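Visitor: Hi! I'm new to this one, could you show me around?
Guide: Happy to, here it is.

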Amino acid sequence: MDNRRPVSVDHYENFPVASWLCPPHLRPPIQAIYWFARTADDLADEGSHPPEERRAALARYRQALADAFDGRPSTGEWAPVFGPLQRMIDAHALPRRPLEDLLSAFEQDTHNLPYPDRAALLDYCARSANPIGRLLLHLYGVNTPAALAESDAVCTALQLINFWQDLRIDLPRGRHYVPLADAQRHGLTLQALADQAAAGQASAATRGLVAELAGWARHTMLAGAPLVHRLPGRMGWELRLVVQGGLRILDKLAAQQHDSLRRRPTVGAADAPLLLWRALVMPAMAAPARRPA
């Protein structure tokens, strides 16, 4: 199936899969987690199957995950996903809860309900995005409360940035991630936002709404940014680039007057020198965590 969203700051595309910054011994578990999440996301979001069929497929997928943790051999349609994942569960003692939380979020996607307020959207992000960071921290042996909280902030920020970046894609498809309370505060409805997306241009009220939501995402990202100094070696540098990539998307969104209904802001090769420089000079706000011996 095709990727749900184009490569950007999407939380699955931020996996350090095949990156030279990723330590070679961690590539197999990271790849196994990636394909678990990628496949589940496709089951929830891709193709033309009705929601009830998607939920039935995700229920079978959830059972395959339970089988993997219970040590039962992986067979059937998802053996290429769960065979490697089961080996990594055994080799790295992967925690079960984050993987189950991801499935919970994907199941929620099949209902496609709007979010009444920011708290509801954050609850979704806690299951759709934050588990990825927690799984990566587990692989690096970093588990302090501060690191976990900062990881959650970075992952949530990446998810939020992706939402505001992709409004012109999501709104016409009935994916409503703008909290109703925020839209109403700006005198907008979800239907009005969808109509503007179809027309390809945001009103002044919509640009004000997106500016406020982008500010929320930036504040959340900066709250988690000190994590880059808690992670050892290559992972810390990988995360620096991820954080700066997300912030660069917000810069570009601001440069186009927060009209993501007209054009989708992206980062590309031309942004690489700036991202590298910003990653290099990120202020040290915390001492690096050390991996257990």
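Guide: What follows is a short chat about rings, the core and a pocket in this predicted model.

Visitor: Let's start with rings. How many aromatic pairs are there?
Guide: The count comes to eleven aromatic pairs. One of them is formed by Tyr34 and Trp35, edge-to-face, with 5.0 Å centre to centre and 85 degrees between the planes.

Visitor: Is Tyr34 buried or exposed?
Guide: Tyr34 counts as buried because its relative accessibility is 11%, under the 20% cut-off.

Visitor: And Trp35, what does that count as?
Guide: Partly exposed, because Trp35 has 47% relative accessibility, and that class runs between 20% and 50%.

Visitor: Which residues form an aromatic cluster?
Guide: Tyr115, Tyr124, Phe163, Trp164 and Tyr177 form one together.

Visitor: What lies over the face of Trp216?
Guide: That's Arg118, at 4.4 Å from the ring centre. Likewise, Arg240 has its charged end over the ring of Trp237, 4.2 Å from the centre.

Visitor: New topic: how many residues has the largest nonpolar core?
Guide: It has 78 residues, and those with the most contacts inside it include Tyr61, Trp164 and Val243. In soluble globular proteins, nonpolar side chains tend to be buried together.

Visitor: What is Tyr61 in contact with?
Guide: Beyond its neighbours within four places in sequence, Tyr61 is in contact with residues including Trp35, Phe36, Trp78, Phe82 and Leu103.

Visitor: Last one: what volume does the second largest pocket have?
Guide: About 350 Å³. It is lined by 20 residues, and Asp45, Asp109, Thr110, His111 and Asn112 are the closest to its centre.

Visitor: Which helices supply its lining?
Guide: Helix 1 (27-45), helix 2 (51-69) and helix 4 (96-109) each supply at least two residues.

Terms used
Residues numbered from 1 in each chain as written. Predicted model: local features only at pLDDT ≥ 70, side-chain atom pairs only at ≥ 80, totals over all residues. Heavy atoms only, no water. Phe/Tyr/Trp six-rings, centres within 6.5 Å; stacked < 30°, edge-to-face > 60°. Buried < 20%, exposed > 50% of the residue type's maximum accessible area, 1.4 Å probe, protein only. Lys NZ or Arg CZ within 6 Å of the ring centre and 35° of its normal. Core = buried A, V, L, I, M, F, W, Y, C linked by side-chain atoms within 4.5 Å. Contact = heavy atoms within 4.5 Å. 1 Å grid on protein atoms, 1.4 Å probe; cavity = no way out; pocket = protein on both sides within 12 Å on 5 of 7 lines; lining within 4 Å. Points joined across faces, edges and corners; volume = space filled by probe spheres on them. Helix = DSSP H or I, 4+ residues; strand = E, 2+ residues; numbered from the N terminus.
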